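Work through the exercises below with the structure open beside you. Try each task before you read its solution.

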Amino acid sequence: TMLPLLLLLLPAAHGIVEHVAYTPFLTKTPVLEGLTTGSTFVLEQPRCVFDDKYSNADIWLVVALEKTATAFNNTVAPGTPASAFQNFPDSVPAYMTLNATLANYPCPKASGEITVLRVGSETSCTEDVARPTCNGPLSGPGPYMVKFLALEGSEPVAETDWSTPIMLRTAKSPNSISTTDEGHSAGMIAITTILSILFAILLAGLVAMLIFWGSDTCGGSSPFSKPEAVTVRRYNTHHVYDQPAARL
Amino acid sequence: MAKSDDCMRILQGLLVFGNVVIGMCGIALTAECIYFVSDPHGLYPLLEDTENNDIHAAAWIGIFVGFALFALSILGIIGIIKSDRTLLLVYIILMLITFAFEMASCITAATHRDFLTPNIFLKQMLERYQNSEPANNNDKLMIEGVTKTWDKIMLQNHCCGVLGPSDWQEYTSAFRVTHSDADFPWPRKCCAMDEQGLPISLDGCKLGVPGYYNSDGCYDAISGPMNTHAWGVAWFGFAILCWTFCVLLGTMFYWSGIEY
């Protein structure tokens, strides 16, 4: 009686998927400008995550929306319409892409190496249903959740946790940029006021000049004589010499 | 009488000196404004497209004002030495007209410099750069001008966008219409280039790995020359006008002292 019981247990044991305690995350080093864009995001590769016993397994990336992640079934086969990129998110809850083996993710990671997976980098196969595992650009801002799934043959054998929700960037319209005047700088105000005052003074001066044309002004009690003035002949008068004599 | 004579002689000397300085400043102003009008940094297409290139107009006025100042200063020197009332009156009136024009040029340059904020250039770049649907022929020329200027700025100054490459991510743009976000998070000109003018690493550039793309914004590269241009015209003109004010007041004083 033990034998049928053991036989019953064996298929069940065969279907257990090992849960690897690893949460996929966006690359932290180096700091990337394009970590999330409008249609792509950059994940850190799962280095030193899966045991060596999975060296024959295919490690797939499962991408789902936050709200559809729970609807994903591990038994879905990659490369079929049930997991095709082209059908996401309209008719499938998640798609599978970026398959690799443990050889692609050597452990430990060489220092200085940038180990990233860019989700959304393949733009040529977005419409090609013959390429259901296309790593195509995402069409909405998300939020998305991802996990890694290891398959041996068509059996899922290990999976990681779902990542925290990943939000992509949304772009605003340039019409939202305000270009109205932000006020005048101090320099401009200074120039305008001082020059206006100077000009006003000069105009006043001109008017004063023209009004007092010809008459004596504060220039001096006696007008300045022009160099070409009539030359006065110097002449001696008796007065000059007589005066001192008279005083004596 | 002798004392008044001496005062007038000193005033005469000062006025001649003042006019010499005005003449030289006039030539300097003309030279400076010709330099600005020649657009050594190639930024004029950006200004032209904003339909607000009054800084350019201010520089043009500066050229002619500078020349007028030089000519009038010679007239002034002759008038002062000859103490000719008519000549000096003509000099004063023409100088006042030149003063008014230069005043307009200074104020225009200063006001329109304030208008050119980063937002203006950002909006222009997003709407014009690599726009593939021009409304008419004039539009097409403007778009080509803006695109070529931006490409040149980004290549020469190793910069991207107005405030940074994220400008292309934060806002939709005419560029985004023809270039997908996944392939072109920012234009190729933002990538670090090798000697042949090709990106060193296209993947590095698309990811935004430091060293493979230009992370600085181009606003400093644009506003630097533009500031020099505007303040060069505005403040130098202001200085000349202050000096001219003093010389003109002295001339009016001198004129009223000449025997009729």
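Helices are DSSP runs of type H or I with at least four residues, numbered from the N terminus. By that rule, Arg128(B) belongs to helix 5 of chain B. Keep in mind that this is a predicted model.

**Exercise 1. Decide whether Arg128(B) is buried or exposed, and list its side-chain polar contacts**.

Step 1. Take the accessibility. The cut-off for buried is under 20% relative accessible area. Arg128(B) has 17%, so it counts as buried.

Step 2. Look for polar partners. The side chain of Arg128(B) meets that of Asp49(B) in a polar contact of 3.0 Å. With the side chain of Asp139(B), Arg128(B) makes a polar contact of 2.9 Å.

**Exercise 2. Find the side chain that makes a polar contact with the side chain of His112(B)**.

Step 1. Locate the residue. His112(B) sits in helix 4 of chain B.

Step 2. Check burial. His112(B) is at 17% relative accessibility and therefore counts as buried.

Step 3. Name the partner. The side chain of Asp54(B) is in polar contact with that of His112(B), at 3.0 Å.

Step 4. Widen the view. Beyond four places in sequence, His112(B) touches Asn52(B) and Ile55(B) as well as Asp54(B).

**Exercise 3. Describe the surroundings of Asp167(B)**.

Step 1. Asp167(B) is in helix 7 of chain B, residues 167-170.

Step 2. Judge burial. Its relative accessibility is 2%, so Asp167(B) counts as buried.

Step 3. Follow the side chain. It comes to 2.8 Å from the backbone nitrogen of Val162(B).

Step 4. List contacts. With residues up to four places away in sequence set aside, Asp167(B) touches Leu122(B), Met125(B), Leu126(B), Gly161(B) and Val162(B).

Step 5. Compare sequence and space. Asp167(B) and Leu126(B) are 41 residues apart along the chain, and their C-alpha atoms are separated by 8.4 Å.

**Exercise 4. Classify two aromatic pairs from their ring geometry**.

Step 1. Start with the count. A search of the whole structure gives 18 aromatic pairs over all chains.

Step 2. Take Phe199(A) and Phe99(B). Their ring centres are 5.5 Å apart and their planes meet at 10°, so this pair is stacked.

Step 3. Phe199(A) is in helix 2 of chain A and Phe99(B) in helix 4 of chain B, so the pair joins two chains. Both Phe199(A) and Phe99(B) are buried.

Step 4. Take Tyr129(B) and Phe175(B). Here the centres are 5.9 Å apart and the planes are at 45°, so the pair is tilted.

Step 5. Tyr129(B) is in the loop between helix 5 and helix 6 of chain B, and Phe175(B) is in helix 8 of chain B, so the pair ties together parts 46 residues apart in sequence.

Step 6. Check burial. Tyr129(B) counts as buried because its relative accessibility is 1%. Phe175(B), also at 1%, counts as buried.

**Exercise 5. Identify which element gives the most to the largest nonpolar core**.

Step 1. Size the core. The largest nonpolar core has 47 residues. Those touching the most other members include Ile191(A), Leu195(A) and Phe99(B).

Step 2. List the elements. Helix 2 of chain A gives two or more residues, as do helices 1, 3, 4 and 10 of chain B.

Step 3. Pick the top one. Helix 4 of chain B gives the most, with 12 residues.

Step 4. Inspect one member. Beyond four places in sequence, Leu195(A) touches Phe99(B), Met103(B), Cys106(B), Phe238(B) and Leu241(B).

**Exercise 6. Outline how each chain is built**.

Step 1. Read chain A. It has three helices and seven strands. Their order along the sequence is α-β-β-β-β-β-β-β-α-α.

Step 2. Of the 248 residues in chain A, 36% are buried.

Step 3. Relate the two. The C-alpha centres of these domains of chain B lie 42 Å apart. Their contact takes 11 residues from domain 1 and 12 residues from domain 2.

Technical notes. Residues numbered from 1 in each chain as written. Chains lettered and ligands numbered in written order. Predicted model: local features only at pLDDT ≥ 70, side-chain atom pairs only at ≥ 80, totals over all residues. Heavy atoms only, no water. Phe/Tyr/Trp six-rings, centres within 6.5 Å; stacked < 30°, edge-to-face > 60°. Buried < 20%, exposed > 50% of the residue type's maximum accessible area, 1.4 Å probe, protein only. Polar contact = N/O pair within 3.5 Å; in protein donor to acceptor, adjacent residues only side chain to side chain. Contact = heavy atoms within 4.5 Å. Core = buried A, V, L, I, M, F, W, Y, C linked by side-chain atoms within 4.5 Å. Domains from an automatic or database assignment.
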